[in-house]
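Biologist: I would like to learn how to read a model of this kind. Please take me through it feature by feature.

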Amino acid sequence: MADTTRTLPCRACGTPLRHVFVDLGMSPVSNAMRLPAEAHLAEAFYPLRTFVCEACKLVQIEDVQPAETHFHGSYTYFSSYSKSWLEHARRYAEMMTSRFGLGPSSKVVEVASNDGYLLQYFKAQGIPVLGIDPAANCAEVAERERGIPTLVRFFGAATAREVAESGKADVIAGNNVLAHVPDINDFVSGLKLLLKDSGVITIEFPHLLRLIEAKYFDTIYHEHYSYLSLLAVERLFARHGLTVFDVEELPTHGGSLRIFAGHTGATPAASDRLIAFRGREANAGLDDLASYGSFAAEVRHAKRALLSTLISLKEKGARIVAYGAAAKGNTLLNYCGIRGDFLDYAVDASPHKQGLLLPGTALPVHAPERIFETKPDYVLILPWNLKDEIIGQMAGIRAWGGQFIVPLPEPQIIP
Ligand SMILES: [Zn+2]
């Protein structure tokens with residue numbers, strides 16, 4: 001925790017940011033994968049540093065505004081490539097439809113609707129849907145393959161006004177998007193504008209408390225602007241005339257929350273589990289600045305523990321590869337300095353990433369089949385949140401004695 005040379009305002013409440021939460025050094029932006037032909041060119045690195053706001057307790061990334069984080073109009077991530085994520089979406093649609101009595105006269109809007117992975121389950125029940133997503137390539141897949149009408153826009157107050165002209169929403173869903181918007185106030189004011197008087201907003205986000213408890217520092221990357229607690233989100237929503245009335249814990253992304261909110265004055269009373277959850281965060285000290293102080297030391301310990309494991313394996317001559325080319329893997333590899341000296345290559349199931357180099361570490365990304373051709377001794381699982389799914393898919397490595405390494409919270413070798 002130290003003062004810095006420039007003081008930025010909290011992106012939620014505007015209070016000057018004076019307290020560093022964790023500093024992961026210099027890192028390239030995680031989506032800046034490169035072509036092998038670009039490997040000899042200079043690569044841009046930016047500070048990867050998070051602060052905690054002393055007033056509203058929002059943990060947030062230092063805004064460095066590198067050109068690469070500006071959105072280029074297409075994603076390389078398609079939600080439908082993850083089977084467990086599809087199942088999560090299907091169960092959500094079922095729950096919402098029965099709990100809030102949705103039907104053919106309702107309107108469900110999803111913000112950051114990606115390739116229509118979630119709205120397809122509402123549409124299948126005859127409920128009118130609208131997706132909003134800035135990625136034209138994802139929107140095109142949503143429309144063509146799933147028949148999900150999708151507006152290609154960033155979401156905020158302006159988009160909300162435009163969509164509200166043809167009717168406000170009974171349900172607005174936003175999964176893993178709130179943490180990824182730089183202007184969080186514009187986004188939440190858009191939710192307020194688009195919601196019917198009796199409507200419900202559900203927002204899912206990885207829970208800051210899990211990040212702290214499990215040392216999931218690799219979920220910190222430049223495009224992930226905010227690290228959210230229930231406490232900080234309730235304060236943010238309240239400033240926009242929205243009230244959280246329920247919360248659910250989810251296993252996704254290592255531990256997420258799904259909050260339910262509506263217009264202030266029009267929501268049910270706070271649920272028992274919401275009250276209990278506020279208590280848990282209070283007990284963990286999330287409203288006390290001092291509680292945020294020990295995380296940085298724990299992160300440095302996690303780095304040393306992982307490196308010790310990898311060094312000892314390499315000293316014995318092990319061949320190690322990485323599975324997964326997602327953002328969190330890039331933070332882990334760059335912060336820990338794990339490059340071609342530890343890992344032969346990485347694999348990823350998405351054809352959009354195969355043939356490219358990981359940012360910073362320049363590890364080549366291949367299709368998962370490559371593992372069965374080269375038979376490495378260890379597969380380091382970078383997206384640990386999907387480890388069960390990946391271990392299931394890659395169980396064949398046991399045929400030659402291959403084992404898995406899960407990097408966090410403590411390195412674990414799984415035969
Ligand atoms: Zn603040």
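Biologist: Which glycine just after α7 takes a positive phi?

Modeller: Glycine 241, with a phi of about 75°. Before going on, note that this is a predicted model, in which local features need pLDDT of at least 70 and side-chain atom pairs count only at pLDDT 80 or more, while totals for chains, interfaces and linings use all residues. Residues are numbered from 1 along each chain as its sequence is written, and side-chain values use heavy atoms, with hydrogens and water left out.

Biologist: How many helices and strands does the chain have?

Modeller: Helices (H or I, at least four residues) and strands (E, at least two) are DSSP runs, numbered from the N terminus. The chain has twelve helices and 17 strands.

Biologist: How many residues of helix α7 are buried?

Modeller: Buried means under 20% relative accessible area, exposed over 50%, and partly exposed in between (1.4 Å probe, protein chains only). Helix α7, residues 230-239, has seven of its ten residues buried. They are Leu230, Leu231, Ala232, Val233, Glu234, Leu236 and Phe237.

Biologist: What covers the buried residues of α7?

Modeller: Contact means heavy atoms within 4.5 Å. The cover of α7 includes helices α5 (184-194) and α8 (272-283), together with strands β8 (195-206), β10 (242-250) and β11 (256-263).

Biologist: Let us turn to the metal. Which residues coordinate the zinc ion?

Modeller: Donors are N, O and S atoms within 2.8 Å of the metal (3.2 Å for Na, K and Ca); water is not among the atoms, so sites may look incomplete. Here the SG atoms of Cys10, Cys13, Cys53 and Cys56 coordinate the zinc ion at 2.3 Å. The spacing of these donor residues in sequence is C-x2-C-x39-C-x2-C. Cysteine 13 sits in the segment before β1 (19-27) and cysteine 53 in the loop between β2 (46-52) and β3 (59-61), so the pair ties together parts 40 residues apart in sequence.

Biologist: Why is the arrangement around the zinc ion tetrahedral?

Modeller: Ideal angles at a metal are 109.5 degrees for four tetrahedral donors. Four donors count as tetrahedral if all angles lie between 85 and 135 degrees. Around this zinc ion the angles are 101 to 115°, so the arrangement is tetrahedral.

Biologist: Is cysteine 53 buried or exposed?

Modeller: Cysteine 53 is buried, at 0% relative accessibility, whereas cysteine 13 is partly exposed at 30%.

Biologist: How many aromatic pairs are found in the whole structure?

Modeller: A pair of aromatic rings is described by the distance of the centres and the angle of the planes. Rings of Phe, Tyr and Trp (its six-membered ring) pair if their centres lie within 6.5 Å; planes under 30 degrees apart count as stacked, over 60 as edge-to-face and the rest as tilted. A search of the whole structure finds ten pairs. One of them joins phenylalanine 100 and phenylalanine 260: the centres are 6.3 Å apart and the planes at 40°, so this pair is tilted. Phenylalanine 100 lies in the loop between α1 (83-99) and β4 (108-111), and phenylalanine 260 in strand β11, so parts 160 residues apart in sequence are tied together. Phenylalanine 100 is partly exposed at 26% relative accessibility, while phenylalanine 260 is buried at 0%.

Biologist: Why is the pair of phenylalanine 155 and phenylalanine 187 edge-to-face?

Modeller: Their planes are at 75°, with centres 5.2 Å apart, so the pair is edge-to-face. Phenylalanine 155 belongs to the loop between β6 (150-151) and α4 (157-164) and phenylalanine 187 to helix α5, so the pair links parts 32 residues apart in sequence. Both phenylalanine 155 and phenylalanine 187 are buried. Elsewhere, Phe21, Tyr292 and Phe295 form one aromatic cluster.

Biologist: What is serine 256 in contact with?

Modeller: Serine 256 lies in strand β11 and is buried at 2% relative accessibility. Leaving aside neighbours within four places in sequence, serine 256 is in contact with Phe205, Pro206, His207, Glu248, Glu249 and Leu250.

Biologist: Where is serine 113 found?

Modeller: Serine 113 is in the loop between β4 and α2 (119-123), and is buried with a relative accessible area of 0%. Not counting residues up to four places away in sequence, serine 113 touches Leu119, Gly131, Ile132, Asp133 and Thr150.

Key: Tetrahedral: all angles 85-135°; square planar, octahedral: opposite > 155°, others 65-115°.
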